[in-house]
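These notebook entries record what I looked up in one structure.

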Amino acid sequence: MMALGWRAQADASGDWLLRQKICIISFSPVSRDARVLRQIQYLSPHFDLSVVGFGDPLPASATSGNVQWHPVGPKPRALHRRLLTRGSLIAGRLAPELYSWRYWQMNYHREALERALAFKAHLYLADDLTALPVAAEAARRAGAKLAFDAHEYSPLEAEELWWWRMLFRPMVLHFLQTYARQVDLCLTVCSPIAERYRQEFGLDAKVILSAPAGRPASTQAREHGRVRLIHHGGAMRGRKPELMIDAIALCDPRIDLTFMLVPSAASPGFVDELQAYAARRAPGRITFRQPVPPAEIVESIAQFDMGLFLIPPVNYNWEVCLPNKFFDFITAGLAVCVGPSPAMAELIKKYGCGCVSPTFDAADMARTLNALTPEMLASQQAASRQAALELNAEVEMRKLIEYIRATLGS
């Protein structure tokens, strides 16, 4: 067993404490992953952190003197990765151990394990399923605790695609079944997903909402009668953002929409296609602006009146989604308009901070938006500012710190 390292540090009263060490492993571009950046920001005052992952250096807002950043990669070239992936995924249906073989054939997984073990952490935190084997192996070798932030429900990630169900879902199930018994702390984004992990894999999942930091936005100067909508997030074809364009085309002229989209490697060129589609369907009504880093989103969108999110429930995760953007809208003091996605609709009903279209149809969304009055909008914005006092990173990350301390027995 590897000896666990400690570092002494004085607390505010001058007493010396032993700081425990956490290694966060994420194979997302960490500098753009709002959920991971929040974990780093809020855990670093209490623990020594090592962060292993892809992408650019961490932004200054998420780091302090006791955060070490260890980039890994690059990924193998696309052709090699596809050949390795397809062959092992097909064979893995007959011999599941090939899923693990394929995983450890990736250089960046082996490099991440080496970096993780060198830190000698007391707890290894896997951000999403792709990082779970590395974190689990590091925790096993180091005699440390294992935390798993599942984010969403990975066995149904892309269930609408037959080839994903045939090739990838068996691998996802294999890794969950292999490592679930080793997990000491499991996290996810909403209650329905937590319950599924509990029932199907025996994981006592805790809910940490993806709410941003920051105090509720102050009242912005509004143009009476006009409704300025904002939608931000990844530009992904499967989410059908063109439905929001179709809705604006059917809305009153007082309503317009701005997109702030992050291009997706899985959907190259899609932002350009959306711009062309918007110019045809709703000329002069829809604008596109450059995305900003996660830490700047709330301030950037606070100038708008309402956040808009319409996502058809083509898979389970999108059906129960409770995404970053929903809480960004609330923290920015915006009213919120969504389709009948149950988790978001429940919070809108609870706090009175927006409106819910009766269906995911563009015409119904347009009718919902057209029914807005200035008085309704002002009331919903006030309700968002009130809701932000409860739905924020300070509350959610306090829960995370308590869960981790309980797991570590400290």
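Is Trp162 buried or exposed? I found that Trp162 is exposed, with a relative accessible area of 57%. For this label I used the following scale: buried means under 20% relative accessible area, exposed over 50%, and partly exposed in between, with a 1.4 Å probe and protein chains only.

I noted that this is a predicted model, in which local features need pLDDT of at least 70, side-chain atom pairs count only at pLDDT 80 or more, and totals for chains, interfaces and linings use all residues. Residues are numbered from 1 along each chain as its sequence is written, and side-chain values use heavy atoms, with hydrogens and water left out.

**Entry: surface patch.** I placed Trp162 in helix α6 (residues 162-167). Helices (H or I, at least four residues) and strands (E, at least two) are DSSP runs, numbered from the N terminus. Together with Leu161, Trp163 and Met166, Trp162 forms a nonpolar patch on the surface, with about 410 Å² of accessible area in total. Such a patch takes residues with over 30% relative accessible area and no salt bridge; nonpolar side chains (Val, Leu, Ile, Met, Phe, Trp, Tyr) are joined within 5 Å, and like charges within 9 Å. The areas come from the Shrake-Rupley method with a 1.4 Å probe, and for residues only the protein chains shown count as cover.

Entry: I then looked at α13 (324-331), where seven of the eight residues are buried. Among them are Phe326, Phe327, Phe329 and Ile330. The buried residues of α13 pack against elements including β10 (227-235), α11 (297-301) and α14, where contact means heavy atoms within 4.5 Å. Just after α13, Gly333 has a positive phi of about 80°.

In helix α14 (residues 342-351), the buried residues include Met344, Leu347, Ile348 and Tyr351. Their cover includes α13, β14 (335-338) and α16 (374-387). Gly352 follows α14 and has a positive phi, near 70°.

**Entry: spaces.** Which helix supplies the largest share of the lining of the second largest pocket? I found that α14 does, with five residues. On a 1 Å grid over the protein atoms alone, a pocket is an open set of points with protein on both sides within 12 Å along at least five of seven lines, whereas a cavity is a set where a 1.4 Å probe fits but cannot get out; lining residues have an atom within 4 Å of a point. Points are joined across faces, edges and corners, and a volume is the space filled by probe spheres set on them.

I counted two cavities of 30 Å³ or more. The largest cavity holds about 70 Å³, and β10 gives the most to its lining, with three residues.

**Entry: salt bridges.** Side chains of opposite charge can pair when their charged atoms come close. I counted 16 salt bridges in the structure, each a side-chain nitrogen of Lys or Arg within 4 Å of a carboxyl oxygen of Asp or Glu. Arg237 and Glu273 form one of these, with the closest N and O atoms 2.8 Å apart. Arg237 lies in the loop between β10 and α9 (242-249) and Glu273 in helix α10 (residues 270-281), so the pair ties together parts that are 36 residues apart in sequence.
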